[in-house]
Amino acid sequence: MARRMTLLALTLCLLPGLASAQVTFERLLNAADEPQNWLTYSGDYSSNRHTTLDQITADNVADLELSWVFQAQSLQVFQTTPIVVDGMMYITEAPNTVLALDAKRGRVFWRYEYTPVPESRPCCGRINRGVAILGDTLFMATIDAKLIAIDAISGQPIWQTSVERPEAGYAMTLAPLIVKDKVIVSVAGGEYGIRGFISAYDAATGEEVWRFYTIPGPGEPGNETWEGDSWRYGGASAWLTGSYDPDTNLIYWGIGNPGPDWNPAQRRGDNLYSDSVVAIDADTGELDWYFQFTPNDPYDYDSVQIPVLVDYPAQDGSTLKLMLWGNRNGFFYVLDRTNGRFVNGREFIDINWAEGLDDAGRPIMIPQPPGTTTYPGVQGGTNWYSPSYSPSTRLFYLSAWEGYGSVFIAQEAEYEEGRLFLGGLPAPPLPGAVIPGLARGPINTWTEESGTGAVIAIDPTTGEQQWKFDMTDVTSSGILTTATDLLFTGGREGYFHALDARTGDLLWRKTLGGMIANGPISYAVDGTQYVAAASGNGLFVFSLPED
């Protein structure tokens, strides 16, 4: 207790505003009005990952220098997006450790470490992508499917809720989303034959308020899109954070692929709501509308990407309430977010599994003969890395993999709780990579073409590419744009780039020595703008030189 009080006293002394810094729902609604902070995983509820800070410009970006570095103790993949509140930064280390840092100098104030149970088995890495905050409480989702509330001042746990059973394959790797007085999370684990869901919890008590299953049960609309009992083990996990529109009071969430992953013959039908975006009433958890990107998906093109909400000016002077979506299946979509109507869409990379989209946005699929390389491969044309939209350029930006293909081999799968339920095997998602548990038995026969990474700028009105920045390796980095028409991103090779958001020209780059696998953020403390990105196992923070 004495150590805790000493730490608390030190924190309050060094950051006197912290004790009174209450992150109310009102502040979250108006996050764009305080660009010095980064209050949610995607920056604000629209998820456009755009900052209006303007100190760093095209004229001075070449002068950026390293301000401080935080080195994580964990050697797991570092995919956290920090949140910044009034000079305080909160980050996570894999698998489930939360730290409070001085956002100006990188000093550590406290560290909370949670040890997941041995039964936790996330398919693709023991990772965590960040926390959420409401009031002075932080919320972390864990890889053993727990939701934990943590005092943001002291770092002490307040409550803990079990969301689902990790021994059945359920896990959580996302940053929660706060809406009003609720903490909203969703589960990973589709590779284990779970039944996916999104759920909301009372922020004060941890009690579940509602649960929306991403696979309809018997008697519910959509259940008929699953043959027989295949819905019971259909996956449709939802392992990334959604977005929220206060005008409609709808949350928008991307849903993963159906299971077994690569044998659609075991689950004939469209398999709703897998590979879809769902619009859910934030108060009740009831479905308002959905749009499915890849029906009866045979390629693991799960649609967990971040929904980007844009109020776009129309030619007649009205405002279009749109949703922009760069999908793993290689298509870019524009939807009307009030009703889910398809507005337009087209491919942003070369693909061969479909010849286009029909008038309703449904893909016109081309059956792939056995042994054929399918483009994009299992990693997709894009994946979990966050896109960005700039209201200045009116362009949508995403990280993509080009020239990347996989050979998909379907096999019969038998469900057994807690074991992988895959229905075959493609090439691994990274060149030379092996996912634990996948390379087993007779299905370990695959080939792949690895491709390269690129940043692509897309005009939402036409879906056409405006420019492309090619990389020398693939990328897992998200994108940040700024009011000064800069774009920050990174790559697997460890380069941190600043591009001209209007032209794609390279303006500045630094090698950080490790894979950049999160979305950069920007914030300000005492009038200085900072840009931060995680690389390897460190967080690197840049600013302009002091005068």
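I take buried to mean under 20% relative accessible area, exposed over 50%, and partly exposed in between, with a 1.4 Å probe and protein chains only. By that rule Asp300 is buried, at a relative accessible area of 8%.

**Ground rules.** I am working on a predicted model, where local features need pLDDT of at least 70, side-chain atom pairs count only at pLDDT 80 or more, and totals for chains, interfaces and linings use all residues. Residues are numbered from 1 along each chain as its sequence is written, and side-chain values use heavy atoms, with hydrogens and water left out.

Asp300, not a glycine, has a positive phi near 65 degrees. Asp300 is placed in the loop between strand 18 and strand 19; helices (H or I, at least four residues) and strands (E, at least two) are DSSP runs numbered from the N terminus. Arg49 also has a positive phi, of about 45 degrees. I find Arg49 in the loop between helix 2 (25-29) and strand 1, and buried at 0% relative accessibility. The Gly259 to Pro260 peptide bond is cis, with omega near 0 degrees, and Pro260 sits in the loop between strand 16 (250-254) and strand 17 (276-281). Tyr375 and Pro376 are also joined by a cis peptide bond, with omega about -5 degrees. Pro376 belongs to the loop between strand 25 (373-374) and strand 26 (388-390).

**Gln292.** I placed Gln292 in strand 18 (residues 287-292). Gln292 counts as buried because its relative accessible area is 9%.

**Val531.** Val531 lies in strand 39 (residues 528-535) and is buried at 1% relative accessibility. Beyond neighbours within four places in sequence, its contacts (heavy atoms within 4.5 Å) include Ile56, Leu480, Phe488 and Phe540.

**Cores.** I then looked at nonpolar cores, sets of buried Ala, Val, Leu, Ile, Met, Phe, Trp, Tyr and Cys residues joined through side-chain atoms within 4.5 Å. The largest has 121 residues, and Tyr90, Leu138, Ile198 and Ile251 touch the most other members. Strand 21 (residues 331-336) gives the most to this core, with five residues. Apart from it lies another core of 35 residues, including Trp38 and Leu544.

**Second largest pocket.** I noted a volume of about 630 Å³. A pocket is an open set of points on a 1 Å grid over the protein atoms alone, with protein on both sides within 12 Å along at least five of seven lines, and lining residues have an atom within 4 Å of a point. Grid points are joined across faces, edges and corners, and a volume is the space filled by probe spheres set on the points. Of its 31 lining residues, Ala32, Asp44, Ser46, Asn48 and Leu309 are the closest to the centre. Which strand gives the most to the lining? Strand 19 does, with four residues.

Conventions. 1 Å grid on protein atoms, 1.4 Å probe; cavity = no way out; pocket = protein on both sides within 12 Å on 5 of 7 lines; lining within 4 Å.
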